[in-house]
Amino acid sequence: MRNFLSIHDLASLEATVEEAIKLKNDPFKSEKLGKNKTICLLFFNNSLRTRLSTQKAALNLGMQVLIMNFGNEGWQLEFEDGTIMNHNKAEHIKEAAQVISQYADILAIRAFPDLKDREKDEAELVLNGFKKYASIPIVNMESSVAHPLQALADAITIAEHRPAYKPRVVLSWAPHPRALPHAVANSFVQLMKLQDVDFVISHPKGYELNQSITKGCHIEHDQEKALKNADFVYVKNWSSYKDYGQVLTEDSKWMMTKKKLGNAKFMHCLPVRRNVIVEDEVLDSGQSLVIEQAKNRIFSAQVVLKKILEKL
């Protein structure tokens, strides 16, 4: 594997999950693999789990880690070709990517969408700009439309708690006061389409995700009906795709409660707003897998970095 930009870059999801669980049981088994290798983590947006888990994964593999927060540390980058740079952009992606390629062996990038121009966001200017001009492998730590490291951690978590029968997995929208990206939901949908599960997406009308991603999925606007007999319930907010980036409703009736959850396991990528997305009684219960998901972020990153290092 050269780059890890989406969950589809994995040759085998099942084999990768199995390998990640083995790494979890023996995190330092491959610590010599990354000796004298450096990973550069570039953050254009805030992070807690992604930054720390990816750094920890690299350290487990014996790598050196460079971190830069472009929001307040780097020059503003220009991503368009042929632009006359006489405004506030001080450096072009062409030079920046080539320079970083001399300092590191792997480059990991986190860059959110603006949620203003759908076409521009889906063009993934930051991620694809570095992919175009860098000469080293690229890892997606969450982009405008995808969060594959989170999806892989979710796959590990489900595998560890999967019942003997075909499980029912529900992705349920929840209210949020701010407009949030589609990346986590998109990658989770893509992940579920690769799994042998009974998968349902539930959301209010108007919150349909990109139909090219959800094609073939069961979509249910009645949350109660969707949650019936669920084994795993993944709760996540996302803004409107059709009315791009808009918050159409903050209907508190969609918040996940203990009563709605039933006997299912609760999943969320974090951070989560308590008593807005989900009530305390769910998060603090033994049915919540959110802390385990966060831990598995280490091993989703570690197995990806391991696969890339093996090809260097």
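Select N36, which is exposed, with a relative accessible area of 63%. Here exposed means over 50% relative accessible area, buried under 20%, and partly exposed in between, computed with a 1.4 Å probe on protein chains only. N36 belongs to the loop between α1 and β1 (38–43). In these names, helices are DSSP runs of H or I with at least four residues, strands are runs of E with at least two, and both are numbered from the N terminus. The phi angle of N36 is near 65°, a positive value in a residue other than glycine.

The model is predicted, so local features need pLDDT of at least 70 and side-chain atom pairs count only at pLDDT 80 or more, while totals for chains, interfaces and linings use all residues. Residues are numbered from 1 along each chain as its sequence is written, and side-chain values use heavy atoms, with hydrogens and water left out.

**Two further backbone stops**

Next, select L115, in the loop between β5 (106–110) and α4 (118–122). Its phi is near 60°, again a positive value in a residue other than glycine. Is L115 buried or exposed? L115 counts as buried, at 12% relative accessibility.

Now select L270 and P271. The peptide bond that joins L270 to P271 is cis, with omega near 0°. P271 lies in the loop between β11 (265–267) and α11 (280–283). As background, most residues other than glycine have a negative phi, and most peptide bonds are trans.

**Helix α1 against helix α12**

Two packed helices are described by the angle between their axes and the distance between the axes. Select α1 (residues 13–25) together with α12 (residues 290–309): their axes come within 9 Å and cross at roughly 110°. The axes are lines fitted to C-alpha atoms, for helices over the stretch in contact, and the angles run from 0 to 180 degrees between N-to-C directions. The angle makes α1 roughly perpendicular to α12; this term covers 65 to 115 degrees, whereas angles under 35 count as roughly parallel, those over 145 as roughly antiparallel and the rest as oblique.

To see the contact (heavy atoms within 4.5 Å), show the side chains of T16, E19, A20, L23 and K24 on α1. On α12, show K295, N296, F299, Q302, V303, K306 and K307. By class, the contact of α1 with α12 holds 4 nonpolar, 3 polar and 5 charged residues. Nonpolar here covers Ala, Val, Leu, Ile, Met, Phe, Trp, Tyr, Cys and Pro; charged covers Asp, Glu, Lys and Arg; and the others, Gly among them, are polar.

**Helix α6 and its two partners**

The axes of α6 and α7 come within 8 Å and cross at roughly 45°, which makes α6 oblique to α7. P148, A151, D154, A155 and I158 of α6 meet S187, F188, L191 and M192 of α7. The residues of this contact divide into 7 nonpolar, 1 polar and 1 charged.

**Inside helix α7**

How many of its residues are buried? The helix is mostly covered, with 10 of its 10 residues buried. The buried residues of α7 pack against α1, α6, β7 (168–173), β8 (198–202), α8 (211–214) and β10 (232–236).

**The surroundings of F79**

Move to F79, in the loop between β3 (77–78) and β4 (91–92). Leaving out residues up to four places away in sequence, F79 touches F44, H92, I93, L125, V126 and F130. For a distance exercise, pick F79 and Y207: they are 128 residues apart in sequence and 30 Å apart in space, C-alpha to C-alpha.

**The cysteines**

Finally, consider disulfides, each defined as a pair of cysteine sulfur atoms within 2.5 Å. By this rule the count is 0 disulfides. For C217, the nearest cysteine sulfur is that of C269, 18 Å away. C217 counts as buried, at 17% relative accessibility. C40 is buried too, with a relative accessible area of 8%.
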